[in-house]
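Please check each point against the coordinates as you go.

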Amino acid sequence: MKNVESKLIDYDSYRSKLFILIICSIIFVIVAVPFRYFFPIFNISELRPASALPPVFGMMFGFWGALGAALGNLVFDIIAGYPPIILIIGFIAQFLFGYIPYKLWYSFTIGEKLTKPRLDTVNNLLKFIIVISITALTMTGLLAFLSESMGISDFVSLPTLIFLFNNFDFSMIIGVLIISIANIYGINMYSPKNKETNINPKIFDFSLEIAILIGLSYFLYSIIHGSSEYVLYIGIIFYILTIFFIFKPITRQIINGVQKVTLTEKFIFVFITIGTIMSILTGIEGFYSIQITQEQLLNFWNHVYINMTIIIFIFYISAIGFLWYIEKNITNPIESISNSVNEYTTSRKKIQDSNKIIKKISQYSNKQSESGILAKSFEQMIKDLKVYMEDLEKITAEKEKINTELTIATNIQKSTLPKEFLPSQGKGKFDISAISYPAREVGGDFYDFFFIDNNHIAIVIGDVSGKGIPAALFMMLSKTLIKNEVTYESNPKIIFKNVNNQLSKDNGENMFVTAWMGILEINTGKFVYANAGHNPPLLKTSSQYTPLKSKSNFVLGPIENIEYTQNELLLKKGDKLLLYTDGITEAINEKNEFFGEENLINILNKSNLPIRNLLIKIKDDVDEFSKNLEQFDDITMLILEYKNE
């Protein structure tokens, strides 16, 4: 709502200025007219709640607000039938009544900051009272000089006193509420632009001070000596000095921007609402408690106004004292702590900002009050969070370092596996394809294929116990040892025996690896193989895949001097052999069912895909089977197709 209004009211636009002028005029007339006929005081005045409007309109909307109130007063005076001289002087007086408080508000501060008219602190409430008091005195002086010069009433008289009370009381009863409500509902107020001037602004302040001093001096003079024949000239000087003040340029820096309604502001609004109700009730009680005649009218209104003024003074003196205590000990600490905590929660550099936030809160933590306990709790919380975040930052940095190292390890491990086998490498006699997907960054599965000589190629698959880095290290060691042994030995059973003896030495963690190895004689199709505890591969010899049965033997690694057996078969054209790890068959779904060897065989028997596409299909089917579940184990497959073309 506030942002919308800020866009609607452009104070640099003449249309907006005219709008404010008209609205302020209409409101003034609507409020003023009824009281002319129902609550007259004497010929040229009446009980005027509308007296609260010029100062408020002036403070809220500046020149155009004050002019609107003055124009509304002019329309009202014309309706009332006042003579032209009263119309002119009344117009000027009402404009000054609206414009002086506007200038006064931006002329001084009570506290550290200068804002638009807003009763959000006790200092600003006190400032409002001071501004209204000075304005009421000035306006009373203007009207008193006017009345005495025209022979309507003396400077020191009941009408003068009633003028003062009227201007002050209704500004404190109605004006203060209007300012509060306007801020609570986000009405966009005019913010004056700073102007540079060669004249010292204090000269303008001095002119108003001299005008008030002249008015007070003449007031005292009139009490002692009565009216003076020079009252007209003194009044002119008073007017000139007052008018000179309104030309004061505003040079102070004003804090603009949308501000939330503070807790103190809410307390102040409640108190001034109570004060308004009390003052109105006092006025009503005074109005109906005395029976009067027309000759007693001035004394009657004087009685009503005095009662209201006394109530206002007593209420605001006690309210300011109480609100100051609340502001100092409750609302300011709570709002400051709230702002500090909000600043902390929205900060992107919480560790760096912690000390600054703690410093802000610590000014309240020593107080022996609820706000002090709250501040102490938040202070300790931020300290604990700082320690926690520092530890978390170290852990995160360490984790990032580990992740980086794991990424490097993953790349290293991938680089140790053979690259894609090209069909041309088999020279039309055989083809090989393999894939591996570790469950973590690095895994314990491996595969290998390599030429022993021009007529022999070895294929190997293995699965290390465990997962992660230990399994990856043991996997690389196992793979390297197997490949090295093939350099000296061509029998799989001897190779496994020698590798097992090397792995079992200093194997304090009792790790092991299941492995399956075969050596193909390319020209003849003779295939010699050995199994070290691995699940048997699937062999396709005609149109069906079946497990290649053989003695599985013991795994590699735990115990030395294990004797291994080997088997032999003759591959024919079109035969295929799939080697795989248990990550395929032991994959589970949401029902805790295993994928199993039977599903794998069914996929193979129903597919007539090239071997590379076949491995991808198997992996996709396993993923579909285990959808929504994280991959539990490493998945590795190698397939050999014998062509003998």
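1. Helix α10 is the element that gives the most to the lining of the largest pocket, supplying six residues. The model is a predicted one, in which local features need pLDDT of at least 70 and side-chain atom pairs count only at pLDDT 80 or more, while totals for chains, interfaces and linings use all residues. Residues are numbered from 1 along each chain as its sequence is written, and side-chain values use heavy atoms, with hydrogens and water left out.

2. The largest pocket has a volume of about 590 Å³. Of the 19 residues that line this pocket, K113, D120, T121, E327 and N332 are the closest to its centre. At least two lining residues come from each of α5 (122–149) and α10 (297–346); helices (H or I, at least four residues) and strands (E, at least two) are DSSP runs, numbered from the N terminus. On a 1 Å grid over the protein atoms alone, a pocket is an open set of points with protein on both sides within 12 Å along at least five of seven lines, a cavity is a set where a 1.4 Å probe fits but cannot get out, and lining residues have an atom within 4 Å of a point. Grid points are joined across faces, edges and corners, and a volume is the space filled by probe spheres set on the points.

3. The lining of the largest pocket comprises two nonpolar, nine polar and eight charged residues, where Ala, Val, Leu, Ile, Met, Phe, Trp, Tyr, Cys and Pro count as nonpolar, Asp, Glu, Lys and Arg as charged, and the others, Gly among them, as polar. For the second largest pocket, with a volume of about 450 Å³, the lining divides into 13 nonpolar, one polar and six charged residues. Its lining has 20 residues, of which F63, Y99, Y102, Y190 and K195 lie nearest the centre, and the elements giving two or more residues to it are α3 (53–80) and α4 (84–105).

4. How many cavities of 30 Å³ or more are there? The count comes to two, and the second largest cavity holds about 30 Å³ of space. Its lining consists of K540, Y545, K576, L604, S607, N608, L609 and L614, which divide into four nonpolar, two polar and two charged residues.

5. Strand β6 (residues 513–521) is largely enclosed by the rest of the structure, because eight of its nine residues are buried, that is, under 20% relative accessible area with a 1.4 Å probe and protein chains only. Nine bridges join β6 to strand β5 (residues 456–464) in an antiparallel arrangement, with V464 standing opposite V513; two strands pair if DSSP finds at least two bridges between them. Five bridges, also antiparallel, join β6 to β7 (residues 526–532), and V528 is the bridge partner of I519. The β6–β7 hairpin has four residues between its strands, and G525 in the turn has a positive phi of about 90 degrees.

6. V513 is also among the residues touched by S478, together with F446 and L503, when residues up to four places away in sequence are not counted; contact means heavy atoms within 4.5 Å. S478 lies in helix α13 (residues 468–486) and counts as buried because its relative accessibility is 0%.

7. An unreviewed UniProt entry places a "coiled-coil region" at residues 378–405. Over residues 378–405 the model is 100% helix and 0% strand, with the end C-alpha atoms 39 Å apart.

Notes: UniProt positions are given in the numbering used here, feature names are shortened, and annotations may be inferred rather than shown by experiment. Buried means under 20% relative accessible area, exposed over 50%, partly exposed in between (1.4 Å probe, protein chains only).
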